[in-house]
Protein chains: 2
Amino acid sequence: MAKKPSIPKGTRDFGPSEMVGRDYIFDTIKDVFKHYGYQCIETPAMENLSTLLGKYGEEGDRLLFKVLNSGDAFSGIDFNEDLSSNAIALKVCEKGLRYDLTVPFARYVVQHQNELTFPFKRYQIQPVWRADRPQRGRYREFYQCDVDVIGSDSLLNELELVQIVEMVFNRLKVNVCIKINNRKILSGLAQICGHPDKLIDITVAIDKIDKIGIEAVEAELLERGLDREAIAVIKPVLLLEGTNSEKIERIAQILASSEIGMKGVEEIRTLFALIEGAGIGTNVELDLSLARGLNYYTGAIFEVKALDFEIGSICGGGRYDDLTGIFGLPNMSGVGISFGADRIYDVLKGLELFPADVASASVVLFSNMGEKEAAFCVPVAASLRRAGIACEIYPDNARLRKQFEYADKKGIPYLAIVGANEVAENSVTLKNLASGEQQLLKVSEIVEKLKSV
Amino acid sequence: MAKKPSIPKGTRDFGPSEMVGRDYIFDTIKDVFKHYGYQCIETPAMENLSTLLGKYGEEGDRLLFKVLNSGDAFSGIDFNEDLSSNAIALKVCEKGLRYDLTVPFARYVVQHQNELTFPFKRYQIQPVWRADRPQRGRYREFYQCDVDVIGSDSLLNELELVQIVEMVFNRLKVNVCIKINNRKILSGLAQICGHPDKLIDITVAIDKIDKIGIEAVEAELLERGLDREAIAVIKPVLLLEGTNSEKIERIAQILASSEIGMKGVEEIRTLFALIEGAGIGTNVELDLSLARGLNYYTGAIFEVKALDFEIGSICGGGRYDDLTGIFGLPNMSGVGISFGADRIYDVLKGLELFPADVASASVVLFSNMGEKEAAFCVPVAASLRRAGIACEIYPDNARLRKQFEYADKKGIPYLAIVGANEVAENSVTLKNLASGEQQLLKVSEIVEKLKSV
């Protein structure tokens, strides 16, 4: 094989420095989840196609990666039957790669319902796969990081998710704004503007307001079959200004005649009161144009934006009243959010917010100046590690310059030079590679010296 | 969908308690790897089939999970061409799921050779997929946990792997025996018994000695075309007893006339001297029957067994002299080992070695006795979390008995009961669920009280 090997388009390798950053993000998020009593689960990469198909719309079905049956997949297929490409695929593929973590979670809850304690609070951090056209920032394999509680319709759960978002981004030192809306308010709006059947059209259009502006949204609403009168009802809602309380009171007046709309207003009122009581310091904003284009939300809708960095939403979620119904377990209300690891990584990198000490390189590299000298270093290095100090012995007797470079490239701050003299004196010469300063230390002194670094 | 949903055979869901155990194992292993300067990488689940095919033998090719091309995979395929099932598969599948972490690692090293610092020390913990017939203890998706150093042929690397194994199992409190052999010794043995061409047959047969005994191995060697004279040379080697040094001296005599054999003896002699000098406390044994049935090892071969639990090897590896040659980068010697996470989990579970405190449940559950009472708990819970104490508020105003059960099932040791009285007195009643003891505490006292738990 002469050609340099490559990986499938839309997929990525993560090298050491990216992994350190990603682990920092995941570890921070996981630790916060645990503080709120969420438990980790993992599900298989492959699910039965019957579990996945029909859950993400037609477009989603098309974007599923299908896995060929093992063994003689094509035997018994009669190609003269004039089957469509899709029909063949379903005959030779019984499994697919998961497309998100939500459907596998629903499947998990139904399958294991008798083992679980409800309300069940779980988090899950695993890759998902989508056969999307790869482009900048859109990958065919990426991690999702979901936290959900299922089996409770209390708004305390919504509050908890707001608290979790705040704690995560406080720890990551990212300033964010949390936007909240409620699906029932949008339903109410569709009702009072006279187009209850056009809820999806309305949400799809208004969700774009940040990107395309109010005029373009109006045009799209017209195009989607709404009349001028309806738009005259919707537009002022999208343009509502003021504090959250002012917005709530205004929308309550507007939706007064819609039962579902007023239920949404009540939920929002309660949630914002809880948020107020919890002493949330993060900016939480009622955004009546927030729709996230998703059909399965039935209550709260969340979105989180970074304030100091230009990027799409870094976190989003909402409440869904009947997630597990599709698998035969009705009336399980759940609410959850998903952290966008790739975008959060870009934010931290862009704002230089990765702490310097997450590099997690070794503290010291023992030089290798020959077999005897290296053997001398072995127990010294072992004693450092027992004291919790990461270190390495350069494995080959290479030129010292090369060993220096190795330490430099890996970000190792100290070099322990051990030649014949040091061996004779049971000591090491410890060199600080940044300052150039060096010091002859007895072996018994080196642990103490490096512990204080 | 009336039928309870399921997952593909040979795959698994990991629930909260399994995940806690698995994380404990992976965190322990990762921390040890880092103490030795190994860095984490991740590669995509899907590799190009051209990367994977031909690397695992014919059987391996058959066991690859192939991923159907996205889009109209079957258009343009002329089924009248009378193609074999395999030939069709290769036309409609360009990608496959990784079968192990070694080939993706080799591909990674070649693809990123200009960005890497050699010797490159990496670890990688990710799932792999094999279309094997599922059976007890054999899965179609399982994690591998590999640590390798590439670009150095120093035996200090072999020593380091032995040290890593020792540190990992010391921390996990598992008593193990590390078995070591050297491929060159096996080559020498094939040479001096007069069958240098039968090295693979010999290794495959003698590798089974633990399972089938010496007589059956003899029978298999005969069957594989060795003669009685050859077996008379091999058998005493397999039965060698004594200390490691005694075995080394004996095998040195036997292999005296084989150049490659003596090279293996020299490597083993050096490695055991290094192990001696490093003060390894674990039982390390030269096992001349150890072959691991694998063709790509060229030097050291490792295997780790648990001493107090009946199970196959829990860790294994070896040196390979030309791993990246298949991808066009020759002469990169590497050595690595792989930890068997599933078996290690079984050992820890079987011997009850999971520490009690890894359960990582919340410390306290705040009862929910109504909206007002729950709202009162919100800032109290927030202050606990700020102090690093994991806690939950039961989200629904359910019967107290149900809330008790929730705490009990999740292993939460304390219940904080907050009714109207507690709210009036700005306090909580903290109940130890194990002892039944309860105590009325001021809100200001609860952090201190639970910090000391």
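Trainee: How much of chain A counts as buried?

Mentor: Of its 453 residues, 58% count as buried. Keep in mind that this is a predicted model.

Trainee: And what's the secondary structure count for chain A?

Mentor: Chain A has 17 helices and 16 strands.

Trainee: What about the radius of gyration of chain A?

Mentor: Chain A comes out at 28 Å, whereas a compact globule of 453 residues would be near 22 Å. The C-alpha trace spans about 90 × 65 × 45 Å along the principal axes of the chain.

Trainee: What share of the contacts in chain A join residues at least 24 apart?

Mentor: That share is 67%, counting contacts between residues at least 6 apart in sequence.

Trainee: Let's switch to the interface. How many residues of chain A are in contact with chain B?

Mentor: 102 residues of chain A touch 102 residues of chain B. The area buried between the two chains is about 8,300 Å², and carbon and sulfur atoms give 59% of that.

Trainee: Which residues in chain A lose the most area to chain B?

Mentor: A:His35, A:Glu42 and A:Arg385, which together make up 8% of what that side buries.

Trainee: Changing topic: where's the cis peptide bond that involves A:Pro119?

Mentor: It runs from A:Phe118 to A:Pro119, with omega near -5°. A:Pro119 lies in the loop between helix H5 (102-111) and strand E5 (120-129) of chain A.

Trainee: What joins B:Phe118 and B:Pro119 in chain B?

Mentor: A cis peptide bond, with omega at about -5°. You'll find B:Pro119 in the loop between helix H5 (102-111) and strand E5 (120-129) of chain B.

Trainee: I also flagged A:Asn426. What's phi there?

Mentor: Phi of A:Asn426 is near 50°, a positive value in a residue other than glycine. Look for A:Asn426 in the loop between helix H16 (420-424) and strand E15 (427-432) of chain A.

Trainee: Now B:Thr324: buried or exposed?

Mentor: B:Thr324 is at 0% relative accessibility, so it counts as buried. B:Thr324 is found in a loop, the one between strand E10 (315-320) and strand E11 (334-339) of chain B.

Trainee: What is B:Thr324 in contact with?

Mentor: Leaving aside neighbours within four places in sequence, B:Thr324 contacts B:Ala106, B:Val109, B:Val110, B:Ile150, B:Leu329 and B:Met332.

Trainee: Last one. Where does B:Pro196 lie?

Mentor: In the loop between helix H7 (183-192) and helix H8 (199-206) of chain B. Beyond neighbours within four places in sequence, B:Pro196 is in contact with B:Ala190 and B:Gln191. From B:Pro196 to B:Asp322 is 126 residues in sequence and 21 Å in space, C-alpha to C-alpha.

Terms used
Residues numbered from 1 in each chain as written. Chains lettered and ligands numbered in written order. Predicted model: local features only at pLDDT ≥ 70, side-chain atom pairs only at ≥ 80, totals over all residues. Heavy atoms only, no water. Helix = DSSP H or I, 4+ residues; strand = E, 2+ residues; numbered from the N terminus. Rg over C-alpha atoms; globule rule 2.2 N^0.38 Å. Buried < 20%, exposed > 50% of the residue type's maximum accessible area, 1.4 Å probe, protein only. Contact = heavy atoms within 4.5 Å. Buried area = accessible area lost by both parts, 1.4 Å probe.
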